[in-house]
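Subject: Structure handover and what I found

Hi,

Here is the structure I promised to pass on.

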Amino acid sequence: MRDFATRAQPWLLSALRIMAALLLMQHGMQKILGWPPSPRPAPELLSQYWFAGILEFGGGALLALGLFTRPVAFVLAGLMAFAYFLGHAPRGFLPILNGGNLAILYCFVFLYLSAAGGGPLSLDAARRR
């Protein structure tokens, strides 16, 4: 089992990066493209919410490809911390009650990716070869 885990680790790192990126991209698409439909109105151009959508969509696309993984993941971790403390924490202390669970989880996943890199299934890895 240990041998399997050792061999699978880099590939699972790539899978984590790709899935987290694709899920984050949906949030950005919803904010800036209005799809999938959202109960929130479209953000004003150049507002904080609009910039968050741009970072979520653009950063998510770069992460999905595994291009500039470490710096992009670091910026996205900061974005998610910012989102939590500005958007969720004022609604209450516990993340389960203030709706901030996902922002915290994204923050720490992206922080991990900023240290671990994109894994073997990434354009970063292809550029190194």
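Let me start with Leu-46, which counts as exposed because its relative accessibility is 56%; exposed means over 50% relative accessible area, buried means under 20%, and partly exposed is in between (1.4 Å probe, protein chains only). This residue is found in the loop between H1 and H2, and although it is not a glycine, its phi is positive, at about 70°.

A word on conventions before the rest. This is a predicted model in which local features need pLDDT of at least 70 and side-chain atom pairs count only at pLDDT 80 or more, while totals for chains, interfaces and linings use all residues. Residues are numbered from 1 along each chain as its sequence is written, and side-chain values use heavy atoms, with hydrogens and water left out.

The overall picture

The chain has six helices and zero strands, where helices (H or I, at least four residues) and strands (E, at least two) are DSSP runs numbered from the N terminus. Read from the N terminus on, the elements go α-α-α-α-α-α. Along the principal axes, the C-alpha atoms fill a box of roughly 50 × 30 × 25 Å. Of the 129 residues in the chain, 36% are buried. Taking contacts between residues at least 6 apart in sequence, 66% join residues at least 24 apart; contact means heavy atoms within 4.5 Å.

Two helix pairs

The axes of H1 (residues 2-32) and H5 (residues 101-116) come within 11 Å and cross at roughly 135°. Axes here are lines fitted to C-alpha atoms, for helices over the stretch in contact, and angles run from 0 to 180 degrees between N-to-C directions. H1 and H5 are therefore oblique to each other: angles under 35 degrees count as roughly parallel, over 145 as roughly antiparallel, 65 to 115 as roughly perpendicular, and the rest as oblique. The crossing of H1 and H5 is left-handed, a term used if the near helix is turned anticlockwise from the far one by less than a right angle (right-handed if clockwise). Among the residues making this contact are Leu-16, Ala-20 and Leu-24 of H1 and Tyr-106, Phe-110 and Leu-113 of H5. By class, the contact of H1 with H5 has twelve nonpolar residues, two polar and one charged. For these classes, Ala, Val, Leu, Ile, Met, Phe, Trp, Tyr, Cys and Pro count as nonpolar, Asp, Glu, Lys and Arg as charged, and the others, Gly among them, as polar.

H2 and H3 pack at about 145°, with their axes 10 Å apart, and their crossing is left-handed. H2 brings residues including Ala-52, Gly-59, Gly-60 and Leu-63 to the contact, and H3 brings residues including Val-72, Leu-76 and Met-80. This contact divides into twelve nonpolar, four polar and one charged residues.

The core

Which residues of the largest nonpolar core touch the most other members? They are Leu-24, Leu-63, Leu-76, Met-80, Phe-110 and Leu-113, out of 18 residues in that core. A nonpolar core is a set of buried Ala, Val, Leu, Ile, Met, Phe, Trp, Tyr and Cys residues joined through side-chain atoms within 4.5 Å. H1, H2 (48-65), H3 (69-88) and H5 each supply at least two residues of this core, and H3 gives the most, with six. Apart from its neighbours within four places in sequence, Leu-24 is in contact with Glu-56, Leu-76, Met-80, Tyr-106 and Phe-110.

Back in the loop between H1 and H2, where Pro-36 lies, the peptide bond from Trp-35 to Pro-36 is cis, with omega near -5°. Phe-68, in the loop between H2 and H3, has a positive phi near 55° and is not a glycine. Phe-68 counts as partly exposed, at 41% relative accessibility.

Leu-123 is found in helix H6 (residues 123-128) and is partly exposed, with a relative accessible area of 37%. Leaving aside neighbours within four places in sequence, Leu-123 is in contact with Leu-65, Gly-66 and Leu-67. Leu-123 and Ala-64 are 59 residues apart in sequence, yet 9.5 Å apart in space, C-alpha to C-alpha.

Happy to talk any of this through.

Best wishes
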